[in-house]
Amino acid sequence: MDMNIALILGQDGITSGAIYALLALCILLVFTVTRILLIPLGEFTVYGALTLAAIQAGTPSVVVWLLVAFYFTNIILDLYAYFKHQTKFNIQAAIVWAIYIAALVIAMYTLPLMNMPLGLQIIFALAVITPLGPQMYRTFFQPLVAAKPLVLLIVSIAVHVAMVGVGLLIFGPDGAQTKPFSEAIFEVGALTVNSQTLFIVAAFLIMIIALWYFFEKTLYGKALHATAVNRMGAQLMGISPVFAGKLTFSLAAFIGALSGILIAPITTLYYDSGFVISLKGFVGAIIGGLVSFPVAALGAVAVGIIEAFAMFWASDYKEIIVFTLIIPFLLWKSLTSRQIEEESE
């Protein structure tokens, strides 16, 4: 291996690692706030990429009807809870959701999708996929808000399996790639840098700064941070765990879909590609101990670099090498953490 090859592999590793880092941050965010390991995170990634591919092909994506199905299911659940347990039914929120989803459906079938500027295509794809987050939380996880982590994990796995099947129905078995954001190529010494790599790294840095500002400077961000630090204390201070769950799932759906859109021009994604991608983000989250955002981001970037070099030296074993990284960190965590009993319901 000469220096030129090493630079190319390093570039590929940083590109992949930036995506894995975004997914690792999503996993940490959702877990610290809700205690849910978001196994279906990869589905947001794939849905975002394949929805953008359908838009660029000028084909209306039926994923909007999944939103419609979630909406009516949640309305029925809310009405049942209202009549059965006298819980509050927020009719204003229901009307706003109805208008928003109806606007998405109309736009999907009336706009000149193929002829829209790339920026608008991306915004439209994000606008379609992001609401799947809070809608999914309301359907599957809100009724279990007080359940133990093991129950939430089982439900998360079941949702992942269901969403993979739904993805096959919506997008079909064929993979897709999207158009690159730019065709520009830059020469940096002996290294040729693809503009898509720069977009991915820039998006990663922008999201890191945006999340820092959100958690440190905004009221909603501070509420989520308080919930992550002390869930019971935050609830006693009036921060609704349901609100926190919906907000974190919204952020996860947005970042997951954005990650898929960023990598779609450089790799072919299929309806079932999301699990392996999110699993590599999970490795980064484990390196961060499911607690530290900076360490998880660095760990995810390291996973991407190791994967790139493993693909060169031992391509048949690159997945094994990447996922083996998790073992020493789990051993270290088990040896250095005090055992505590699982919190009671």
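Predicted model: local features only at pLDDT ≥ 70, side-chain atom pairs only at ≥ 80, totals over all residues.

**A close look at the salt bridges**

Tutor: Two salt bridges turn up in the structure. Let's start with Arg 138 and Asp 78, whose side chains pair up with an N to O distance of 2.8 Å. Arg 138 belongs to helix 6 (residues 132-141) and Asp 78 to helix 3 (residues 63-85), so this pair ties together parts that are 60 residues apart in sequence. How covered are the two partners? Arg 138 counts as buried because its relative accessibility is 8%, under the 20% cut-off. Asp 78, at 24%, counts as partly exposed.

The other bridge joins Glu 307 to Lys 280, and here the closest N and O atoms are 2.4 Å apart. Glu 307 sits in helix 13 (residues 293-313) and Lys 280 in helix 12 (residues 274-287), so the pair links parts 27 residues apart in sequence. Glu 307 and Lys 280 are both buried. As a general point, side chains of opposite charge can pair when their charged atoms come close.

Now for the nonpolar side of things. The largest nonpolar core has 90 residues, and Phe 124 and Leu 132 have the most contacts inside it. Helix 1 (residues 3-34) gives the most to this core, with 14 residues. Leu 132 touches several residues, including Phe 44, Tyr 47, Val 63 and Phe 70.

Ile 320, found in helix 14 (residues 318-324), counts as exposed because its relative accessibility is 52%.

How values were computed
Residues numbered from 1 in each chain as written. Heavy atoms only, no water. Core = buried A, V, L, I, M, F, W, Y, C linked by side-chain atoms within 4.5 Å. Buried < 20%, exposed > 50% of the residue type's maximum accessible area, 1.4 Å probe, protein only. Helix = DSSP H or I, 4+ residues; strand = E, 2+ residues; numbered from the N terminus. Contact = heavy atoms within 4.5 Å. Salt bridge = Lys/Arg side-chain N within 4 Å of Asp/Glu carboxyl O. Lists of a residue's contacts leave out its neighbours within four places in sequence.
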